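Please open the model in your viewer and keep the sequence panel beside it. The tour below goes from the whole chain to a few selected pairs of side chains.

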Amino acid sequence: MFQDEGTSSITSSPLQFFTMMSLSPKLGSPYPWLRELKSEERGLYLIHLLLTCANHVAVGSLDNANLALDQISHLASADGDTMQRIAAYFAEALADRILKTLPGLYKAFNSTKIPMVSEEIFVKKLFFEMFPFLKVAFVLTNQAIVEAMEGEKMIHIIDLNANETAQWLALLQVLSERPEGPPHLRITGIHPQKEVLDQMARRLTVEAEKLDIPFQFNSVISRLEDIDMEKLRVKTGEALAINSVLQLHTLLGCDNEVSQKTSPSAAKSANGVQYSRYLHGNQTTLSELLDKDLVNGCSPSPDSVSSSALSQANATKIDSFLNGLWSLTPKVMVVTEQDSNHNGSTLMERLLEALHTYAAIFDCLESNMSRTSLERLKLEKMLFGEEIKNIIACEGAERKERHEKREKWSQRFDVVGFRHVPLSYYGMLQARSLLQGYGCGGYRMKEDNGCVMICWQDRPLFSVSAWRCCK
């Protein structure tokens, strides 16, 4: 531990000591003293550097941001410990945000990039297989659908992101065992890639034939924000269920989003206050820092905190979409969303909350996968790293990862006319049994007013809730 003469290490916070360190080139390059830091000290200093860098980026001090990124590069590592890996992806996101201030340079760097649809599909499949989060959500969703559709002879399910066949294969099995016989089942799958829908249609059709279930699959090739409700073709006499898994938050950004007009001095003051409150706490360990609800010390943002103002610019698209779903009169709508506050209007708000969330996710990976695992590296780089980059580097319509807390979604659903349906005890039993089967004590499930929060340790990461149309 670094400390001045006559200073007790018991009373001095290492993070407070790091705040006094200069980020000037006088420290030398490649900063040989950084290599002497112990793991905990390195983690603390990485947090300090990330916040320093973000603060400089927020106020446009790009030279100082560059110095912070330079030091981060000597400590962070995509194949290191949890904090080193997190820092590598947050630093990449902050650098990407800086590049966006130089449009010509940013476009030149990205001009030859080719979107790889197959890799995107692969990494989402990997997420489903390596974590229990979506499996738990599917169990709860299917049980809610089965209970809502009891006695129905014609069932129509609209899947807002039809990319995982496993959920509907399990539902087909349950429906085939109904005492009154299986219903006629129609699934409308929405996805921008035709090949994904074609593959799902083939697999489900084959399984339905084996189980002797009358079945039809309708493909709607579209992004969610471009969907035409008429294409969903809900027929009279059908009992409708809607399934949304990690989709609705992408609609919170609007093409005509109104940016908060803040003067440079006001922005500097706001970010500086948040940064100062964070740095001068009494926490002395990395876990204490990340366990503390840092966002409570931040100024409220009209975009993410206000209960009265879902700003008109942000609310238009999501409200219109939810109204469209409500007009279809579903018997049940089950929604799974990330339970995080990544939709703040300021960079510092989003960075602080994202540090909490991804620290939990990366800790989960650290507990369950080898550091050298290729699958882990792909998940971190291609899925979580891209999410972090979108949260930190993007604004306006380009920022899709606008995760919000369950309470915020409840407000939206209530306003539109949906009413909450508590998830059943039997569904929760099934989900809890699945979690226990993973043999890892870190996965937890909490019931909260009839909703389920899926957690790593004590931090909620995903919420599952059910709703019905109330007319």
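This is a predicted model: local features need pLDDT of at least 70, side-chain atom pairs count only at pLDDT 80 or more; totals for chains, interfaces and linings use all residues.

**The whole chain**

Switching to a surface view, you are looking at about 21,000 Å² of accessible surface, of which 53% belongs to carbon and sulfur atoms. If you then display contacts between residues with a separation of 6 or more, 80% of them are accounted for by residues 24 or more positions apart.

Salt bridges are the theme from here on, and the count for the protein comes to 28. Select Arg376 and Glu366, whose side chains meet in a salt bridge with an N to O distance of 2.8 Å. Which of the two partners is buried, and which is partly exposed? Arg376 is the buried one, at a relative accessible area of 0%, whereas Glu366 is partly exposed at 24%.

**Second stop: along helix H14**

Stay on helix H14 and select Glu386 together with Lys389, which lie three residues apart, about one turn of the helix. Their side chains also form a salt bridge, at 3.6 Å from N to O. Glu386 counts as partly exposed, at 38% relative accessibility, while Lys389, at 13%, counts as buried, because the limit for that class is under 20%.

Now move to Asp458 and Arg444, where the side chains meet in a salt bridge of 2.6 Å, N to O. Here too, distant parts of the chain are linked: Asp458 sits in the loop between strand S8 (451-456) and strand S9 (459-469), and Arg444 is in strand S7 (residues 443-448), 14 residues away. Asp458 counts as exposed at 52% relative accessibility, and Arg444 as partly exposed at 33%.

**Last stop: a network**

Finally, select Arg85, Glu366, Arg371, Arg376 and Glu380 together, which salt bridges with shared partners join into one network. Arg376 and Glu366, the pair from the first stop, are both among its members.

Key. Residues are numbered from 1 along each chain as its sequence is written. Side-chain values use heavy atoms; hydrogens and water are left out. Contact means heavy atoms within 4.5 Å. Accessible areas come from the Shrake-Rupley method with a 1.4 Å probe; for residues, only the protein chains shown count as cover. A salt bridge is a side-chain nitrogen of Lys or Arg within 4 Å of a carboxyl oxygen of Asp or Glu. Buried means under 20% relative accessible area, exposed over 50%, partly exposed in between (1.4 Å probe, protein chains only). Helices (H or I, at least four residues) and strands (E, at least two) are DSSP runs, numbered from the N terminus.
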